[in-house]
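Trainee: Could we go through this structure together, taking the terms one at a time and setting each against its definition?

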Amino acid sequence: MFYGRDLVSALATSHPEIPFRIVSSDSGEIDQPNVHYYGRVSEEVLSGLYDQTSILLRLTEHDGMPFMVLEALLKGKSVLYSFDFPHVVTPRSRSIDDVRAAFDKLVARPPARNVAGTEYVQRNFNSDRIWESYRGILY
């Protein structure tokens, strides 16, 4: 079963008009007409899914720096993420009420490109900046 399944299922139930696209290496499909399960996908397929998506849900208990958050921000998407990070929406807790409130805030906004998120990733996660950080630590 994929992580966060119950939260995603609850959101999909409360928003039957919104398609949910699930990318997960674990099984655990949600049997709802607006939920589409893709399993593990290639980078090419994932890129196409981002093009069809306006909000990335990344609802985890623990996480490193997930590439999905950076990729979604780089593509100008809104992100609902369990942890504080620039230019994402973070629910107060992982309770369904808090997650639903944060999600509803994003859904209520007209779809717009997350320009600030894109610029943040471009500025802080490029190879020159990373090398500069390493050099500052090592020397």
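Mentor: Let us begin with strand 3 (residues 55-58) and strand 4, which run parallel and are joined by four bridges. This is a predicted model, in which local features need pLDDT of at least 70 and side-chain atom pairs count only at pLDDT 80 or more, while totals for chains, interfaces and linings use all residues. Residues are numbered from 1 along each chain as its sequence is written, and side-chain values use heavy atoms, with hydrogens and water left out.

Trainee: What makes strand 3 and strand 4 a pair?

Mentor: Two strands pair if DSSP finds at least two bridges between them, and four bridges join strand 3 to strand 4, with Ile55 standing opposite Ser78 of strand 4. Strands here are DSSP runs of E with at least two residues, helices runs of H or I with at least four, numbered from the N terminus.

Trainee: Why are both faces of strand 4 called covered?

Mentor: Buried means under 20% relative accessible area, exposed over 50% and partly exposed in between (1.4 Å probe, protein chains only); Ser78 and Leu80 on one side are buried, as are Val79 and Tyr81 on the other.

Trainee: Which residues of helix 4 are buried, and which are exposed?

Mentor: Asp98, Val99, Ala102, Phe103 and Leu106 are buried, whereas Asp97, Lys105 and Ala108, on the other side of helix 4, are exposed.
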